[in-house]
Amino acid sequence: MPRRRGTDYERLRESIRMEPDGLPMREVNNWTPDKLALLAYYLAPFAKLCHEKAGGWYFLDGFAGNGANDAREGNTYKGSALIGVTMAPSAEKSVLIEKSPRDAEVLRNRCARLRSNASVLQGDCNELAGSALEQFEDRGLPAFCLFDPEGLELDWEVIELCAGRRTRGTPYELLIYFSTPGVMRTASVTDERMIEGDERAMRRVFGNDRWRPIAERHRSGEIDGRQAWREYLSLYEQQLRELGYRYVMSRPSFMGDRRLAYHLVFASSSEAGQNIMEDGFKRAYGQPRLGL
Ligand SMILES: C[S@@+](CC[C@H](N)C(=O)[O-])C[C@H]1O[C@@H](n2cnc3c(N)ncnc32)[C@H](O)[C@@H]1O
């Protein structure tokens, strides 16, 4: 049998499987474990490298959920927060932010059962990210910041805060699940009653109005939807570079029916980090070829 090339997401999925623990789990779609598998793929060498080179690392999950996912058909997986707090070598400090009081409570329970010293903050990531980052007291340690919102809930200001925290000149690493379809839907709204709120949402996501010319060209028919999402994504990536990230890359993720679900956007200034994530981004078995 010829050797398969690319990242083995089947094996990675296995690595994040967990047995039901009696606590509530988020019901997720079958493709969700792939994004979590990629996180596990990256965090393992990241944690090891940070441990060896800097003596430790920090973990921030801004949209943490309750720590576990039920992908149905009997498959249950660690959520991003649990992947972070169970990673070895373990983080010096993990801060997990979750808005839903119920999910935050479940996550707190899960962390307590694991005897983890993670702080679970219940509330809005955009309001709490600053104080969360303050908990990372040792400025000599690198951090990995994960943001997995459902749509356009993540403010650009939070990204700026993370980029502003530097370890020996290197900004905290970022993995963002960027809702390209959410941006598309929001930017193309023409209903007078919705425009104001949607514009505010776009301004929050990008932190400015640079997205506007793309929306106008899309609305006028000058560019099609595919071109528009490419341009929004490339603007977002460009803005990350402008914050000082040397390596910015993204990978699309598709739903079961091959519609675009979101883009995973990774930003780092570490060459090692870039190499590891580049490997992780290699085409997953069974996933559609990247449409970029
Ligand atoms: C896509 S889910 C995250 C799933 C999680 N990463 C996992 O692997 O299980 C998004 C989560 O963010 C929470 N949320 C929504 N808006 C938020 C906000 N402004 N601040 C913090 N959490 C928020 C939702 O309650 C939900 O649990």
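In this predicted model, helix H9 (residues 212–219) packs against helix H10 (residues 225–242) at an angle of about 180 degrees. Their axes lie 10 Å apart. Angles over 145 degrees count as roughly antiparallel, so H9 and H10 are roughly antiparallel to each other. On the H9 side, the contact uses Ile 214, Ala 215, Arg 217 and His 218. On the H10 side, Gly 225, Ala 228, Glu 231, Tyr 232 and Leu 235 take part. By class, the residues of this contact divide into 5 nonpolar, 2 polar and 2 charged.

| Residue | Protein atom | Distance to a ligand nitrogen atom |
|---|---|---|
| Phe 63 | polar backbone atom | 3.3 Å |
| Lys 99 | backbone N or O atom | 3.2 Å |
| Asp 124 | side-chain N or O atom | 3.0 Å |

Taken alone, the ligand exposes 600 Å². The protein buries 93% of that area.

Two backbone features remain. Most peptide bonds are trans, and most residues other than glycine have a negative phi. The bond joining Ala 88 and Pro 89 is cis, with omega at about -5 degrees. Pro 89 sits in the loop between helix H3 (80–85) and strand S5 (93–98). Arg 115 is not a glycine, yet has a positive phi of about 55 degrees. Arg 115 belongs to the loop between helix H4 (101–113) and strand S6 (119–122).

Terms used: Residues are numbered from 1 along each chain as its sequence is written. This is a predicted model: local features need pLDDT of at least 70, side-chain atom pairs count only at pLDDT 80 or more; totals for chains, interfaces and linings use all residues. Side-chain values use heavy atoms; hydrogens and water are left out. Axes are lines fitted to C-alpha atoms, for helices over the stretch in contact, and angles run from 0 to 180 degrees between N-to-C directions. Helices (H or I, at least four residues) and strands (E, at least two) are DSSP runs, numbered from the N terminus. Angles under 35 degrees count as roughly parallel, over 145 as roughly antiparallel, 65 to 115 as roughly perpendicular and the rest as oblique. Contact means heavy atoms within 4.5 Å. Ala, Val, Leu, Ile, Met, Phe, Trp, Tyr, Cys and Pro count as nonpolar, Asp, Glu, Lys and Arg as charged, and the others, Gly among them, as polar. A polar contact is a pair of N or O atoms within 3.5 Å; within protein, one must be able to donate a hydrogen and the other to accept it, and residues adjacent in sequence count only if both atoms are side-chain atoms. Accessible areas come from the Shrake-Rupley method with a 1.4 Å probe; for residues, only the protein chains shown count as cover.
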